[in-house]
Amino acid sequence: MSRIVTVGAAQMGPIQKDHTRKEVVERLITLLRQGHQAGCDLVVFPELALTTFFPRWFIDDITQADHWYETEMPSPVTQPLFDEAKKLKIGFCLGYAELTTDGHRFNTQVLVERDGSIVAKYRKVHIPGHEHNEPDRPFQHAERYYFEPSMEGFGVWKAFGGRLGMMICNDRRWPESYRVMGLQGVEMILCGYNTPIHYVPDPSQDILQGFHNSLVMQSGAYQNGSWVIGVAKGGVEEGVDSLGQSMIVAPSGQIVAQAFTTGDELISARCDLDWCAKYTGTLFDFERYRRPEVYGRITSQRGVVID
Ligand code: CDT
């Protein structure tokens with residue numbers, strides 16, 4: 001029996017500050033319907049897919065930002081997306097800012113099965129940017145002010161006939177993200193992102209944003225024998241240009257589909273989960289070839305230590 005999952009990467013164009021959740025959910029539903037037309041089992045939306053990327057602004061009183069966060073999922077405004085997906089028998093993965101009842105703030109993705117049941121919630125582990133206002137920047141990247149890092153780490157869940165994991169944006173730059181999931185037998189990793197083209201601490205990296213994006217996801221896929229679905233919110237949002245180039249990467253590391261706009265655009269691919277074993281059963285047979293006894297520094301040490 002084949003284990004084909006047809007996946008849609010539902011790239012979004014910008015969401016401006018004054019766009020309402022209702023308007024955004026209508027865009028998500030349009031993309032979901034395109035996914036249905038393309039035969040998708042699963043549609044993946046970007047990081048913080050319901051709002052503009054608000055960490056680009058700093059405000060002294062964080063409670064003034066509460067309106068950017070979701071306190072429930074689904075909520076009355078997101079319920080139509082859940083209803084449409086269930087009607088079309090499509091699962092989806094959605095990124096949003098989460099405010100818990102006890103006041104914790106996370107950058108979160110939820111995975112929903114084709115019957116509408118929630119499979120899992122993942123909270124971002126690697127939080128980039130800065131904690132404090134940096135007024136000399138052309139725009140802020142204050143994710144470390146707005147979000148706590150997850151202490152739950154990277155899970156892998158049985159869903160869509162395979163083993164699926166999630167990560168969010170900056171997580172994709174860290175090989176540990178993929179490996180922790182690889183060690184749980186992951187076959188498909190879902191990753192939403194918002195990546196400003198202009199990297200303020202080192203603008204020489206600006207021109208390399210697209211290269212680095214594909215570099216990390218292609219190598220993460222190959223080295224762990226997993227499909228990787230990378231989905232952008234791209235385009236010029238509140239004056240900040242962000243990378244598109246959403247892609248579906250095979251366990252071989254090859255890009256099998258890639259967005260060519262920076263707007264709302266659905267790309268899709270038939271992903272054979274059995275293809276993963278061609279890598280995890282040979283070159284990357286972890287049980288046979290890994291050497292954890294010499295990898296101790298990976299978990300015992302955080303920064304560089306020079307003896
Ligand atoms: N959203 C997110 O994680 N973006 C980061 C930008 C890094 S620069 C602060 C990324 O890794 O794409």
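In which sense do strands S7 and S8 pair, and over how many bridges?

1. S7 (residues 162-168) and S8 pair in the parallel sense over 5 bridges; two strands count as paired if DSSP finds at least two bridges between them. Strands (E, at least two residues) and helices (H or I, at least four) are DSSP runs numbered from the N terminus. Leu-164 stands opposite Met-188 in S8. The chain goes from S7 through helix H4 (residues 175-182) to S8, a right-handed β-α-β crossover: with the strands pointing away from the viewer, the path from the first strand over the helix to the second runs clockwise.

2. This is a predicted model, in which local features need pLDDT of at least 70, side-chain atom pairs count only at pLDDT 80 or more, and totals for chains, interfaces and linings use all residues. Residues are numbered from 1 along each chain as its sequence is written, and side-chain values use heavy atoms, with hydrogens and water left out.

3. Of the 6 residues in S8 (residues 188-193), 6 are buried, meaning under 20% relative accessible area with a 1.4 Å probe, protein chains only. Met-188, Leu-190 and Gly-192 cover one side, and Ile-189, Cys-191 and Tyr-193 are buried on the other.

4. S8 also pairs with S9 (residues 227-232), parallel, over 6 bridges. Leu-190 has Ile-229 in S9 as its bridge partner. S8, helix H5 (residues 209-224) and S9 make a right-handed β-α-β unit.

5. The open sheet has 6 strands in the order S6-S7-S8-S9-S12-S13, with mixed pairing. S6 (156-159) and S13 (255-258) are the edge strands, each with a single partner strand, so one side of each has no neighbour in the sheet.

Conventions
Buried means under 20% relative accessible area, exposed over 50%, partly exposed in between (1.4 Å probe, protein chains only).
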